[in-house]
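Have a look at the picture first, then read on.

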There are 2 protein chains.
Amino acid sequence: MLTTPLSLSSDADPAERHPATRADRARARSAARREAERLQLRDHVLQIAQRQLVAHGYQRFSLREVAEEAGYSPTALYRHFADRDALLKEVCNLYFARFSAVLAAADRSASAPRARLMAQAQAYVQFAIENPALYRLMFLERPEMGMGLTMEEVASDAGFGVLGQAVGALAATGGIGTLAVPQATMVLWAGVHGLAAMVVTMNLLPAEHFLAMTRAMSVTMLDGLQHG
Amino acid sequence: MLTTPLSLSSDADPAERHPATRADRARARSAARREAERLQLRDHVLQIAQRQLVAHGYQRFSLREVAEEAGYSPTALYRHFADRDALLKEVCNLYFARFSAVLAAADRSASAPRARLMAQAQAYVQFAIENPALYRLMFLERPEMGMGLTMEEVASDAGFGVLGQAVGALAATGGIGTLAVPQATMVLWAGVHGLAAMVVTMNLLPAEHFLAMTRAMSVTMLDGLQHG
DNA sequence: ACAGGAAAGTTTACACTGTTAACATAATGT
DNA sequence: ACATTATGTTAACAGTGTAAACTTTCCTGT
């Protein structure tokens with residue numbers, strides 16, 4: 001476990017591109033192939049886990065069922081993931097990247113700071129509407145999974161850099177009153193998070209309803225920040 | 001099961017205050033006593049369940065453990081509660097009353113509509129800080145338990161009558177711009193709910209932090225409503 | 001007063017869950 | 001060729017919620 005990645009990395013070392021013996025090359029390629037297989041398996045399991053998570057929801061997500069669908073015995077997964085929570089954490093991370101990409105795309109869809117923030121809020125709630133189980137896992141159920149950071153860190157630049165930057169841009173145009181940028185960011189985030197939490201919790205109401213409410217909330221908060 | 005409550009209610013019928021025979025009176029008192037015992041047991045179990053819920057959190061709440069502490073076999077509770085969720089729902093209802101009482105008290109602590117809403121928001125988050133497991137159960141985990149209502153119904157008069165009334169009072173003084181009262185109520189609720197959800201989810205941060213953020217959020221939203 | 005029946009509770013059992021330990025086996029490094 | 005490591009599997013443990021069958025206790029109608 002220790003030697004394999006080391007020999008692999010030393011193989012990638014440009015100083016020794018072509019190892020001396022053919023046996024060395026074969027060994028390196030073998031290790032690389034095994035590593036690739038391992039990663040492929042991890043990806044496969046992660047995809048199944050993600051599917052089952054959105055299908056059955058967090059509460060009924062079962063490690064054994066994932067193993068069964070993947071074609072392994074229940075305990076086999078423990079070779080690749082520490083435990084159930086570690087597996088879910090990886091699913092989480094996958095979607096965290098996707099989520100911040102969605103927010104970034106929404107941010108780019110407008111130019112004025114206020115419009116950027118409105119678009120972000122809309123995309124934020126839209127994500128929660130489309131992936132309720134995932135939003136729940138990321139932000140409600142297991143906070144350690146989503147982030148081991150404090151709220152300020154998150155708001156500043158860790159995962160929600162786009163939000164913080166847009167708020168900064170708004171502040172530059174005088175759109176923020178007395179509040180500091182981190183505080184304003186947190187307020188905006190918490191407001192939209194409240195709507196997203198409602199989306200996730202009560203899945204009965206139509207999506208448009210929540211989106212309309214998101215608009216109302218966004219303009220209210222932005223107006224409030226301005227005339228603060 | 002059918003005859004007992006009927007005879008009891010017919011006993012309470014003012015038309016026949018004193019039943020004819022002594023046997024009838026004895027029978028009625030016996031039924032009443034048994035009913036009282038039953039209610040007392042329910043209360044006992046509910047108190048234990050509530051204690052274990054706040055102690056271990058929702059995820060690790062176990063029906064069997066409640067039964068054990070109450071001194072019953074696991075399946076005995078099924079005579080009094082349909083299933084685990086029904087039991088939790090009753091715990092929920094207990095605290096729902098307490099919660100709305102807290103909000104009402106906060107509302108009475110001030111007179112101006114804006115001050116009333118600020119006080120309610122503070123009390124709201126304070127409740128989440130003090131009873132995270134319960135807030136989670138009531139508003140995050142099992143929405144059907146807290147309420148089978150739509151958001152508008154809740155906001156109007158079902159459980160959050162105090163909130164809706166305060167918003168109405170604010171609207172009367174012209175404190176609300178273009179938004180209608182139900183919408184404004186929902187926005188305010190969602191904003192504070194977002195903070196409460198954060199409190200419940202990441203229990204690491206100090207309470208004062210969240211309370212300060214609650215103030216910032218409240219003034220921002222109220223300002224935003226006014227200059228809408 | 002006594003048979004009949006409902007109510008309350010217990011034991012047993014089932015189908016699950018996550019997780020650990022012991023074992024098997026195949027691929028690899030020396 | 002031998003030892004080791006990686007990758008599985010099976011067996012087992014301690015939990016969980018819940019349903020069915022059985023006991024016991026108490027109440028009721030005749």
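## Helices and the pairing of chains

In chain B, helix α5(B) crosses helix α10(B) in a right-handed way. A crossing is called left-handed if the near helix is turned anticlockwise from the far one by less than a right angle, and right-handed if clockwise. Before going further, note that this is a predicted model, in which local features need pLDDT of at least 70 and side-chain atom pairs count only at pLDDT 80 or more, while totals for chains, interfaces and linings use all residues. Residues are numbered from 1 along each chain as its sequence is written, and chains are lettered from A and ligands numbered from 1 in the order in which they are written.

Helices (H or I, at least four residues) and strands (E, at least two) are DSSP runs, numbered from the N terminus. For α5(B), that run covers residues 113-130, and for α10(B) residues 181-201. Axes are lines fitted to C-alpha atoms, for helices over the stretch in contact, and angles run from 0 to 180 degrees between N-to-C directions.

| Helix pair | Axes come within | Crossing angle |
|---|---|---|
| α5(B) and α10(B) | 9 Å | roughly 25° |
| α9(A) and α10(A) | 9 Å | roughly 120° |
| α4(B) and α9(B) | 9 Å | roughly 30° |

Angles under 35 degrees count as roughly parallel, over 145 as roughly antiparallel, 65 to 115 as roughly perpendicular and the rest as oblique. The pair α5(B) and α10(B) is therefore roughly parallel, and α4(B) is roughly parallel to α9(B) as well. By contrast, α9(A) and α10(A) are oblique to each other, and their crossing is right-handed.

Which residues of α5(B) and α10(B) meet? On the α5(B) side they include L117(B), A121(B) and Y124(B), and on the α10(B) side L188(B), V192(B) and L195(B) are among them. Two residues are in contact if their C-beta atoms, placed from the backbone, lie within 7 Å. This helix contact holds 12 nonpolar, no polar and no charged residues. In these classes, Ala, Val, Leu, Ile, Met, Phe, Trp, Tyr, Cys and Pro count as nonpolar, Asp, Glu, Lys and Arg as charged, and the others, Gly among them, as polar.

In chain A, the residues of α9(A) that meet α10(A) include L163(A), G164(A) and V167(A), and their partners include V181(A), A184(A) and W189(A). That contact has seven nonpolar, three polar and no charged residues.

Now for the two chains together. Chain A can be laid on chain B with an RMSD of 0.1 Å by a turn of 180° and a shift of 0.0 Å along the axis, which is the relation of a two-fold axis. The same surface serves both copies, since 97% of the contact residues of chain A recur in chain B. For this, copies are superposed by least squares on the C-alpha atoms of residues with pLDDT of at least 70 in both.

Between the chains, 31 residues of chain A are in contact with 30 residues of chain B. On the chain A side, α10(A) gives the most, with 11 residues. That side has 20 nonpolar, 10 polar and one charged residues.

How confident is the predictor? pLDDT is its confidence in each residue, from 0 to 100. Chain A averages a pLDDT of 85, and 82% of the residues score at least 70.

Note on methods. pLDDT is the predictor's confidence in each residue, from 0 to 100.
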